[in-house]
Amino acid sequence: MEKLVSSWNNVQTVPEKYIFPPEKRPGNVTFNASKSIPVIDLEAIASSQDRDATIQKILKAGEDFGFFQVINHGVAEDLMNDAMSVFKEFFELPEEDKTSFYCEDAMRNNHCMLYTSSLLYATEDVHLWRDNLRNSCHPLEECIQHWPEKPTRYRHVVGAYATEVKKLSATILELLCEGLGLEPGHFGGQLSEIPSLLVNHYPPCPDPSLTLGVSEHCDPNLITILQQDSDVFGLQVLKNGEWIGVEPISNAFVVNMGYQMQIISNNKLRSVEHRAVTNSEKARTSVAMFFIPNGDSIVEPAKALVDPRNPAIYKSFQYKEFMSHFLKKTGGTDVALEAFKLQAN
């Protein structure tokens, strides 16, 4: 527990183990609001004409940024606020109320784990300036019995939140199906079967220019839905070699494409590098819900998107094969995809 950043972050300097190499440091962080990620109003999908326009906006955002934000998405504002509050309350609990969830073993498959930096803490070269609480959500009825009982409303609120965000993911995935010309339900079933909820807690940092909350990466799963803190910047997306900030919008969700979406769409949609920076004044909390394929599921470019003029870029594989490779990879983010490309490409 003493390794949790939140247990010792009231320091004057960044410990050496948290200082990134010069080429990886964020430097003096500024947020460029002029190139903000598209914000899409999902209320418009109720009418057929507006639905088509909304789908085109989603596809355009997926092509250009790999990210977009959604508003009027159907998840109640009170529920979003309650969930964020309960997560923050958990991190503020006394140590004795959190000890049973603390884990340093990357091989343990607990339904709820509290850890710091990453599950590779023992072997990583540089630590991340964050603590994490991971909640397994599949099957939800079983997993919820292993979640925290403090704060007392944790299971009730987070269970309802996970249910509603899953419904939102199904809506977004169906809109993507329509836009790509795929059969309804293409992304349902095994391809998005396993939701997992990760709470990132970033305590204030004495020198944000030296370290990162999350280093640059692409998500390996199908799609991710993220709730940001309502008033604290931190998430950045790489666009044309420049890191741009994703504006925290009250009651919005950030949606980003994972590698599996890029593969299934045959590169029509992109999984884009992103990272999280820290700040010296306020703690920041974000809630990410990952929608993950079953390990045995077959991932491949959708047949409807492949023809002689648009040949398949990737081969067919099981998701567990991809993850085995992804967890071992070194080098740039694109390295993860290279092993699954067809040689002709």
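The questions and answers that follow concern a predicted model.

Q: How many residues does helix H1 have, and what distance does H1 reach from its first C-alpha to its last?
A: Helix H1 runs over residues 48-64. At 1.5 Å a residue a span of 24 Å is expected, and the model comes close to it. The helix thus has 17 residues, and its reach from first to last C-alpha is 24 Å.

Q: Within what arc do the buried residues of H1 fall, seen down the axis?
A: The buried residues of this helix are Thr54, Ile55, Ile58, Leu59, Ala61 and Gly62. Seen down the axis of H1, these residues line one face of the helix, because they fall within an arc of 160°.

Q: Which exposed residues does the face of H1 turned away from its buried side carry?
A: The buried residues of H1 are covered by elements that include strand S1 (39-41), strand S2 (67-71), helix H4 (154-180) and strand S10 (253-257). On the face turned away from that buried side, the exposed residues are Gln49 and Lys57.

Q: Is Gln236 buried or exposed?
A: Gln236 has its place in strand S8, which covers residues 235-239, and its side chain is joined to that of Arg275 by a polar contact of 2.7 Å. Buried means under 20% relative accessible area. Since the relative accessibility of Gln236 is 2%, this residue counts as buried.

Q: What kind of aromatic pair do Phe90 and Phe91 form?
A: The structure holds 15 aromatic pairs. In the pair of Phe90 and Phe91 the ring centres are 5.7 Å apart and the planes make an angle of 85°. Planes over 60 degrees apart count as edge-to-face, so the pair of Phe90 and Phe91, at 85°, is edge-to-face.

Q: Over the ring of which residue does the charged end of Lys239 sit?
A: A charge sits over a ring if, for Lys, NZ is within 6 Å of the ring centre and within 35 degrees of the ring normal. The charged end of Lys239 is 4.8 Å from the centre of the ring in question, which is that of Phe65.

Methods: Residues are numbered from 1 along each chain as its sequence is written. This is a predicted model: local features need pLDDT of at least 70, side-chain atom pairs count only at pLDDT 80 or more; totals for chains, interfaces and linings use all residues. Side-chain values use heavy atoms; hydrogens and water are left out. Helices (H or I, at least four residues) and strands (E, at least two) are DSSP runs, numbered from the N terminus. Buried means under 20% relative accessible area, exposed over 50%, partly exposed in between (1.4 Å probe, protein chains only). A polar contact is a pair of N or O atoms within 3.5 Å; within protein, one must be able to donate a hydrogen and the other to accept it, and residues adjacent in sequence count only if both atoms are side-chain atoms. The expected span of a helix is 1.5 Å times one less than its number of residues. The arc is that of the directions from the helix axis to the C-beta atoms. Contact means heavy atoms within 4.5 Å. Rings of Phe, Tyr and Trp (its six-membered ring) pair if their centres lie within 6.5 Å; planes under 30 degrees apart count as stacked, over 60 as edge-to-face and the rest as tilted.
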